[in-house]
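Student: I have a structure open and I would like to learn how to read it. Can we go feature by feature?

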Amino acid sequence: MLAIIEKTPLTIFREMKLFIIVWVGQLIASIGSSITAFALDVWVYEHTGSVTQFALITLSNTLPLILLAPVAGLLVDRWDRRWTMILSDLFATLATVAIGALFIIGRLEVWHIYLANTFSAIFMAFQIPAFIASITLLVPKQHLGRANGMLSFMNGTARLVAPPLGGILLGMISLQGIIVLHLTTVFLSITLLLLVQFPKSSTPAVAIEESSFLKETTYGLTYLLARPGLLGVLIISAYSLFLIGCVQVITIPLVLSFAPVTVLGTILSLFGVAILAGGLLIGIWGGLERNINTIYSCMLLTGVFLIVAGLQASIFVFIVGIFLFFLIRPIIASSTQAIFQSKVEPLVQGRVFSIKGAIEAVGLPLGYITIGPLAEKVFEPLMATDGFLAGSIGQIIGVGTGRGMGLLCIIMGILTISATCIAYFYPRLRLVEDELPDVIDEVALARPAAGIAAITTSALPKV
């Protein structure tokens with residue numbers, strides 16, 4: 001009878017309520033920052049008309065996360081994670097305040113936005129690993145899959161809501177109003193963090209010999225190299241992000257080869273819905289008992305869906321294939337994160353998760369810079385009406401504009417299925433959850449402040 005009660009949604013909420021409080025704050029802040037990012041993207045494009053300048057914004061957002069990962073991880077492990085999140089959010093908003101002030105006095109320039117994004121990203125390099133490493137302190141092990149699914153849901157919501165809402169708000173309250181909204185969401189997030197007390201980890205510290213600063217900052221990489229199973233999980237995750245970069249690069253030209261530009265926005269929104277639905281699905285379901293089996297299964301499905309997307313010169317077939325591709329991405333991300341959270345000691349999670357994030361972050365731009373030239377210079381000419389492959393593969397999947405990119409999707413799908421099958425026969429990866437001990441058998445749940453405890457308790461029905 002007790003086991004049945006423990007599986008009810010009410011009990012799950014009680015066990016996760018502190019994480020949910022923090023998550024709600026991060027969700028609000030994520031939506032606010034995404035709307036601001038969208039508004040600034042629009043401002044840059046309107047003032048430059050340059051896709052290259054537009055792309056540099058992404059670089060200014062991601063480069064600090066990669067370069068600062070080793071140092072940020074070391075400091076996150078040494079500092080209080082709740083205060084790291086609070087102060088990182090607070091200092092990152094200073095760049096937003098500066099952008100708003102420059103806009104109001106009419107002195108805002110494009111290079112100011114690059115500088116502001118870089119400044120904010122420096123503090124996000126600390127905030128992100130601190131938040132992820134805190135999950136194991138806030139959530140019992142059996143709910144890690146749900147918690148990570150909620151993170152995917154949060155990211156999907158921000159991606160889905162920001163463009164349409166940002167467009168509406170730009171017309172209603174202009175850029176300075178959006179910045180005020182952003183600051184409001186950040187301070188709401190900080191307020192919720194101030195109302196929660198994170199517990200100290202009860203897991204024994206990993207023995208680390210006194211060593212140089214360089215060795216300490218590279219400890220996360222050393223840790224992974226000593227655990228090839230975890231490193232294998234990370235490589236799969238980075239490859240998954242590489243595929244996303246590839247798909248994002250070819251989606252716009254491939255869709256435009258089938259349909260008018262008016263359809264493109266709707267299709268991109270559908271893919272945002274897929275990410276949102278995938279995060280919601282894993283958040284409710286929680287995943288399989290063995291996360292590595294979930295990863296294997298989803299990677300095989302990823303390959304199948306990529307093949308489906310490229311098979312025909314049909315907008316419907318492409319949308320279905322890529323929608324399903326994005327639907328299962330949050331499940332892969334959640335399962336990957338759950339393995340790391342249950343196998344990496346909490347006291348070193350900052351260092352390990354920072355390196356993990358940096359390696360994963362490389363996958364996305366690598367997909368951008370490799371697939372574009374391949375599609376434009378190699379595969380599109382091969383699949384042209386008079387191309388070299390027009391009389392062979394072209395008889396199966398069609399020829400003409402967009403078919404080279406379709407063939408690329410098929411090849412990526414075949415490579416993904418093949419790589420997944422090969423990875424299955426690597427015992428360190430397949431048995432990673434058996435060979436590495438769990439580092440969190442039981443989590444001492446965080447404590448809310450008295451006021452918030454009373455609110456959450458009174459909101460629950462009596463059982």
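**Reading exposure, contacts and packing**

Tutor: Thr401 is exposed, with a relative accessible area of 62%. Keep in mind that this is a predicted model.

Student: Where does Thr401 lie?

Tutor: Thr401 sits in the loop between α15 (394–397) and α16.

Student: Which residues does Thr401 contact, leaving aside its neighbours within four places in sequence?

Tutor: Thr401 is in contact with Ser257 and Glu380, once those neighbours are left aside. Thr401 and Pro381 are 20 residues apart in sequence, and their C-alpha atoms are 9.0 Å apart in space.

Student: How do I read a residue such as Leu382? Which helix holds it?

Tutor: Leu382 belongs to helix α14, residues 349–382. Accessibility comes next. Leu382 is partly exposed because its relative accessible area, 24%, falls between the 20% and 50% cut-offs.

Student: What does Leu382 touch, not counting residues up to four places away in sequence?

Tutor: Leu382 touches Gly387, Phe388, Leu389 and Ala390. Ile393 gives another distance to check. Leu382 and Ile393 are 11 residues apart in sequence and 9.8 Å apart in space, C-alpha to C-alpha.

Student: Now a residue in α6. Is Asn117 buried or exposed?

Tutor: Asn117 is buried, at a relative accessible area of 12%. The cut-off for buried is under 20%, so Asn117 qualifies. Asn117 lies in helix α6. Leaving aside neighbours within four places in sequence, Asn117 is in contact with Ile57, Ser60 and Asn61.

Student: What should I look for in a core?

Tutor: In soluble globular proteins, nonpolar side chains tend to be buried together. Here, the largest nonpolar core has 62 residues. Leu230, Phe326 and Phe340 have the most contacts inside this core.

Student: Which helices each supply at least two residues of this core?

Tutor: They are α6 (110–138), α9 (219–225), α10 (228–256), α11 (261–285), α12 (291–311), α13 (315–343), α14 and α16 (403–424). The most comes from α10, which gives 12 residues to this core. Another core, of 33 residues, lies apart from it, and includes Ile20, Leu27, Leu138 and Val139.

Student: What does Leu230 touch, not counting residues up to four places away in sequence?

Tutor: Leu230 touches Tyr223, Leu224, Ile339, Phe340, Lys343, Val344, Val432 and Leu436.

Student: How do I read a pair of packed helices?

Tutor: Two packed helices are described by the angle between their axes and the distance between the axes. Start with α6 and α7 (residues 144–194). Their axes come within 10 Å and cross at roughly 150 degrees. That makes α6 roughly antiparallel to α7. The crossing of α6 past α7 is right-handed.

Student: Which residues meet between α6 and α7?

Tutor: From α6 come Phe131, Ile135 and Thr136, and they meet Leu144, Ala147, Asn148, Leu151 and Met154 in α7.

Student: How do the axes of α7 and α13 cross?

Tutor: The axes of α7 and α13 come within 8 Å and cross at roughly 135 degrees. The two helices are therefore oblique to each other. Their crossing is right-handed. On the α7 side are Leu144, Gly145, Asn148, Gly149 and Ser152. They meet Pro330, Ala333, Ser334, Gln337, Ala338, Gln341 and Ser342 in α13.

Student: Last topic, cysteines. How many disulfides are there?

Tutor: The count is 0 disulfides. Cys409 is in no disulfide, and its nearest cysteine sulfur, that of Cys246, is 9.1 Å away. The cut-off is a pair of sulfur atoms within 2.5 Å.

Student: Is Cys409 buried or exposed?

Tutor: Cys409 counts as buried, at 1% relative accessibility. Cys298 also counts as buried, at 6%.

Key. Residues are numbered from 1 along each chain as its sequence is written. This is a predicted model: local features need pLDDT of at least 70, side-chain atom pairs count only at pLDDT 80 or more; totals for chains, interfaces and linings use all residues. Side-chain values use heavy atoms; hydrogens and water are left out. Helices (H or I, at least four residues) and strands (E, at least two) are DSSP runs, numbered from the N terminus. Buried means under 20% relative accessible area, exposed over 50%, partly exposed in between (1.4 Å probe, protein chains only). Contact means heavy atoms within 4.5 Å. A nonpolar core is a set of buried Ala, Val, Leu, Ile, Met, Phe, Trp, Tyr and Cys residues joined through side-chain atoms within 4.5 Å. Axes are lines fitted to C-alpha atoms, for helices over the stretch in contact, and angles run from 0 to 180 degrees between N-to-C directions. Angles under 35 degrees count as roughly parallel, over 145 as roughly antiparallel, 65 to 115 as roughly perpendicular and the rest as oblique. A crossing is left-handed if the near helix is turned anticlockwise from the far one by less than a right angle, and right-handed if clockwise.
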